[in-house]
Amino acid sequence: PRNVISSVNETSIILEWNPPRDVGGRDDVMYNIVCKKCHSNRRLCTRCDENVEFVPRQFGLTETRVFISSLWAHTPYTFEIQAVNGVSGKTRFPPQHVSVNVTTNQAGK
């Protein structure tokens with residue numbers, strides 16, 4: 001994935017991206033979103049809670065856009081957008097990915 005655009009609105013975010021330039025001759029590229037909640041210095045990050053919502057979904061995205069909500073206010077997050085295909089699980093290499101760092105805003109009333 002490349003050219004990621006992130007739009008933060010209080011405790012939700014929209015991520016949009018372009019497909020990889022080289023898809024290895026395959027037409028079955030899908031995307032997974034890895035969500036990590038971080039401390040303010042970003043040195044320690046842990047996987048996001050189960051309550052974080054992904055629309056249309058977190059794994060197996062065919063679209064190059066995802067809406068993520070139920071995030072904590074005033075919190076740094078790192079999102080990894082992974083490009084995978086039908087042979088990704090057959091290799092010892094990790095999926096191609098791009099990381100985006102964002103910080104959420106004040107929650108609305």
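Two aromatic pairs turn up here, where a pair means rings of Phe, Tyr or Trp (its six-membered ring) with centres within 6.5 Å, called stacked with planes under 30 degrees apart, edge-to-face over 60 and tilted for the rest. Trp 17 and Tyr 31 make an edge-to-face pair, 5.3 Å centre to centre with 70° between the planes. What does that pair tie together? Trp 17 is in strand S2 (residues 12-18) and Tyr 31 in strand S3 (residues 30-38), so the pair links parts 14 residues apart in sequence. Strands here are DSSP runs of E, at least two residues, numbered from the N terminus.

Trp 17 is buried at 4% relative accessibility, and Tyr 31 is buried at 3%. Buried means under 20% relative accessible area, exposed over 50%, partly exposed in between, with a 1.4 Å probe and protein chains only.

Next, Tyr 77 and Phe 79. Their ring centres are 5.9 Å apart and their planes at 15°, so this pair is stacked. Tyr 77 is buried at 1%, and Phe 79 is buried at 0%.

Now the charge. The charged end of Lys 37 sits over the ring of Trp 72, 3.3 Å from its centre; the rule is NZ of Lys or CZ of Arg within 6 Å of the ring centre and within 35 degrees of the ring normal.

A word on method. This is a predicted model, with local features needing pLDDT of at least 70 and side-chain atom pairs 80 or more, while totals for chains, interfaces and linings use all residues. Residues are numbered from 1 along each chain, and side-chain values use heavy atoms, without hydrogens or water.

Technical notes: Helices (H or I, at least four residues) and strands (E, at least two) are DSSP runs, numbered from the N terminus.
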